[in-house]
Amino acid sequence: MGRLINIDNGGTLTDVCVIDGETVYRTKTLTTPYDLSRCFIDGLTKVSSLIYGAPDLLSLLRSTDHIRYSTTQGTNALVEKKGPRLGILLSGNLSATDLQRDANEREFFGTLVGGRVRQVDVEGEPNLEVEVLRSINTLASAGANRIVVVHGGIDRSAAESRIKRILLAKFPAHLLGAIPILYSHEVAEDDDDVRRAWTTIFNAFLHPAMEKFLYNAEHKLRASKNQNPLLIFRNDGLSARVAKTTAIKTYSSGPRGGIEGVRVVAKHYGFPHLLSMDVGGTTTDIGEVKDDYVRIQQYGDIHGVATSFPLCELVSVGVGGSSVIKADGSSIQVGPQSMGSTPGPACFALGGTQATITDAALLSGLLDPASFFGGGLELDRDRAAAAVLENVAAPLQLTVDEVVEAMQKAWVDKIANALVAFTSISVETTLAAFGGAGPLFACQVADAVGIDRVLIPGLAPVFSAYGLGFSDIGHRYEARLDGTGPDVVRQAVADLLDQAKRDMFGEGFDLSECDVAGTVRITYDGREEVVALDDVDGLLHGHVDARDHLPTELPATAQLRVALVVSKAIPRPVLSGRFQTSAKAKSSAAITNGTRTVLREGEFQALPVYQIEKQPSGASAAGPAVLEDAYFTGRIDPGWRFEINDGGDILLSRA
């Protein structure tokens, strides 16, 4: 088996994880938002130095079987609402009012589309060609640089195809300046017009940046003699080639990678409820695994707006290591705006002038300016102090020292409130804290929500990238049936498998090598029932009767949908390590590496520093203390203790 490379691209930092058997190499590099392919290649080059002792990208790529990539760029873009200006052409029984039913939809519609809306009557307009052309020209003149076409009604495919023929004839795609146009029936097969419209709007919003970056990255990989296609890890938990991935399925793909890792870790340690907070530079992504189950929404919502695709149930909150913190009247506001990596927090000395939690942690003494980011990015205390003074302390008429702990509390409270809103917390709940800023104030977050145990994975700084290693290569397929009989089900399965055969051949696998799982979703009388297709191959070849999977009597109004998941498993990381918390006699004393003066409860205190890389297996100590890794720092508060096991994972528990 060759190496596996996993890359998670965030708004502030890009994480790289190389899995070589039981050995894992990791690194981070600053995200370059002006050219994401640059940090992509920079990260690969940097990790090659760890492996070979000197940069050797060519050797790394030649020894690699698969490269998987995920990103939070889509999540960050929608949190910050930064992207292309969209126009929308509506027809049928769908209006702009239908797409703005609540505050979430109104906010997104106002930001992404605004007043760039036109309505046409496909059936009743006597001169449809003239009206369609006039509408498109009006939208373009209003500033739309991508256009979405949505027809409301069961005849959507025919109606949208009619509009498409007109526009292709008048605005051929090969002409310079042709505006990309997306048709909803080609993006999602969904009878719900509003869901399908929003799915297409989000896809159009995310498409340009994703397309530009991913194909640039592929071209650079080919130029470096990479022989295998870049695989995109999607929010459905599977990976596939760039050309077979729609933009909306990259949304939350980075956080979903973290959830894949959380699922495996929860099972490995036997945690019945593992609640995760993945704190990056721009967002905190919250998810959970309960009794080995990952929460999935059949119609996944994006910030409260339902879409046509299943999504892992995650919440992205605009708070991270680079989130802007400022005074808002007499209170402190955290995010959702972020300084990202360019220019980054003020202490990065790259031109940033806004205050962030990174600046506050530096001023509190928690962060070491010399060792931060593995010693690769020295922090500037004076710039941090100036930013905090100007944006937070002075407006509140406080000193910098007085306001630093208030900033920390506001930051912690925003994460804690989001955790409580996301799920019910019980005595069985363990908090998983990862991402570069996840462990920073993990004890304070746990205190705020009433959790007694915190797991910090040994690969916490790159845990979402690591989690990609547990995904298979595959695709999901769905078809609506015109009828309810067993022959209709069998034919739908055959058609979907024929499509899967072509797709998996493009991924480098024969269909006979793949696993196939299927379901039939039955909707009637306001009810919905999902039944499993236990033997898809047997059903296809007539060895199994579809009647075995369907209710004995279905009304004529019943609607059936067949869904298939076709996947090929590839080698995965191996987990090791156990905790000795139930047998403390086996624990060994942690080794201190000096002290650090840290601001706590209004005064600076000398706290012992424990460098994780230098600790023996089973090392344990009580807080208050500073726990430090090359790429993260965590404050262990009084009443808490930590244990590091032989797998490198860290368990914090109340002393």
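Author: A strand, as the word is used here, is a DSSP run of E with at least two residues, and strands are numbered from the N terminus. In this predicted model, Thr29 lies in strand S3, which spans residues 23–30.

Reader: Why is Thr29 called buried?

Author: Buried means under 20% relative accessible area, and Thr29, with a relative accessible area of 12%, therefore counts as buried. Not counting residues up to four places away in sequence, Thr29 touches Leu13, Thr14, Cys39, Asp42, Gly43 and Phe373.

Reader: What makes Asp291 exposed, and what is said of Ala349?

Author: The word exposed is kept for residues over 50%, so Asp291, with a relative accessible area of 60%, is exposed. Ala349 has 35% relative accessibility and therefore counts as partly exposed, since that term covers the range between the buried and exposed cut-offs.

Reader: How do you know that the peptide bond from Gly335 to Pro336 is cis, and where is Pro336?

Author: Omega for the bond from Gly335 to Pro336 is near 0°, and the bond is cis; Pro336 lies in strand S20, residues 331–338. Another cis peptide bond joins Gly623 and Pro624, with omega about 5°, and Pro624 sits in the loop between strand S30 (619–622) and strand S31 (625–628).

Reader: Why are H11 and H12 called roughly perpendicular?

Author: Helix H11 (residues 381–396) and helix H12 (residues 400–422) pack at an angle of about 85°, with their axes 9 Å apart. Angles of 65 to 115 degrees count as roughly perpendicular, and H11 and H12 are therefore described in that way. In their contact, Ala385, Val388, Leu389, Val392, Ala393 and Leu396 of H11 meet Val400, Val403 and Met407 of H12, and the residues of this contact divide into nine nonpolar, no polar and no charged.

Reader: Which residues lie nearest the centre of the largest cavity, and what is its volume?

Author: The largest cavity has a volume of about 600 Å³, and of its 44 lining residues, Leu13, Gly280, Gly281, Gly436 and Ala437 lie nearest its centre. By class, the lining has 19 nonpolar, 17 polar and eight charged residues.

Note on methods
Residues are numbered from 1 along each chain as its sequence is written. This is a predicted model: local features need pLDDT of at least 70, side-chain atom pairs count only at pLDDT 80 or more; totals for chains, interfaces and linings use all residues. Side-chain values use heavy atoms; hydrogens and water are left out. On a 1 Å grid over the protein atoms alone, a cavity is a set of points where a 1.4 Å probe fits but cannot get out, and a pocket is an open set with protein on both sides within 12 Å along at least five of seven lines; lining residues have an atom within 4 Å of a point. Grid points are joined across faces, edges and corners, and a volume is the space filled by probe spheres set on the points. Helices (H or I, at least four residues) and strands (E, at least two) are DSSP runs, numbered from the N terminus. Ala, Val, Leu, Ile, Met, Phe, Trp, Tyr, Cys and Pro count as nonpolar, Asp, Glu, Lys and Arg as charged, and the others, Gly among them, as polar. Axes are lines fitted to C-alpha atoms, for helices over the stretch in contact, and angles run from 0 to 180 degrees between N-to-C directions. Angles under 35 degrees count as roughly parallel, over 145 as roughly antiparallel, 65 to 115 as roughly perpendicular and the rest as oblique. Contact means heavy atoms within 4.5 Å. Buried means under 20% relative accessible area, exposed over 50%, partly exposed in between (1.4 Å probe, protein chains only).
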